[in-house]
Amino acid sequence: MKILVTWSKWHASIGESFVRAFRELGYEAEIFYDNPSHWTLAISKILWRTPFQKKSSVPLLWYQKFISDRLFKKVKEWRPDFVFVIKGIYFLQNAIQQIRDELKIPVANWIIDDPAISNIYDPPLLHNLQAYSHFFIVDESWSWYLKFLNNAPVFYMPHAGNEKIYRPLAEIK
């Protein structure tokens, strides 16, 4: 079985931990980073921190189109049996739906955010979540909301520690 894991480079340890765990279980796994350097993402982040904050959504949408197209191309070329998205905030609904409908590949999203965070209740983000075939959540308060939004199965999967990364520090005496 082949599993494609998507994650951001700036928090690589989580995505890499999943790839390592899937491989230890005997699966073929590969990572797809959802935040390569791109001018549209940089402009969106700059605008977000200025009085022009509302304008940040335009370059962000361009970036979402760019990264969604890259994901679809990667899935089409590599042909995984399953796509495991970690915090898939950049992927557009039509790209996820296209993977599921055209390529017949299930796509799960592990939502690692707290639903009380105001930007989570962003209508475009919630719209994009509708296309996933499965959800994993770290906060059980997401459960009712996702079941209302999408009839996909929802599983509780809290953060866990990877003993190869998270270990006691040596005491200096």
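**Note on charged residues in the predicted model**

1. Start with K74. K74 is partly exposed, at a relative accessible area of 22%. This is a predicted model, so read every value below as computed from predicted coordinates.

2. Which residue does K74 pair with in a salt bridge? The partner is E30. Their closest N and O atoms are 2.2 Å apart. The bridge joins distant parts of the chain. K74 sits in helix 3, which covers residues 57-78. E30 sits in strand 2, which covers residues 28-33.

3. Now check the cover on E30. Its relative accessibility is 25%, so E30 counts as partly exposed. Buried would need under 20%. K74, at 22%, is also above that cut-off, so K74 is partly exposed too.

4. The other pair to look at is D69 with K65. These two form a salt bridge, and their closest N and O atoms are 2.9 Å apart. Both residues belong to helix 3. They lie four residues apart, about one turn of the helix.

5. Are D69 and K65 buried or partly exposed? D69 has a relative accessible area of 39%, so D69 is partly exposed. K65 comes out at 44% and is partly exposed as well. Exposed would need over 50%.

6. How many salt bridges does the count give? The count comes to two.

7. D34 deserves a separate look. D34 lies in the loop between strand 2 and helix 2, the helix of residues 39-48. D34 is buried, yet D34 has no salt bridge. The nearest side chain of opposite charge belongs to K87, and that side chain is 8.8 Å away.

8. What does D34 touch, apart from its neighbours within four places in sequence? The contacts are W7, S8, Y63, I67, I86, K87, Y90 and F91.

9. Step back to the whole chain. Its secondary structure comes to six helices and six strands. From the N terminus on, the order is β-α-β-α-α-β-α-β-α-β-α-β.

10. Last, the packing figures. The chain has 173 residues, and buried residues make up 42% of them. Take the contacts with a separation of 6 or more: 65% of these join residues 24 or more positions apart. The accessible surface is about 10,300 Å², and 58% of that surface belongs to carbon and sulfur atoms.

Conventions. Residues are numbered from 1 along each chain as its sequence is written. This is a predicted model: local features need pLDDT of at least 70, side-chain atom pairs count only at pLDDT 80 or more; totals for chains, interfaces and linings use all residues. Side-chain values use heavy atoms; hydrogens and water are left out. A salt bridge is a side-chain nitrogen of Lys or Arg within 4 Å of a carboxyl oxygen of Asp or Glu. Helices (H or I, at least four residues) and strands (E, at least two) are DSSP runs, numbered from the N terminus. Buried means under 20% relative accessible area, exposed over 50%, partly exposed in between (1.4 Å probe, protein chains only). Lys and Arg count as positive and Asp and Glu as negative; His and the chain ends are not counted. Contact means heavy atoms within 4.5 Å. Accessible areas come from the Shrake-Rupley method with a 1.4 Å probe; for residues, only the protein chains shown count as cover.
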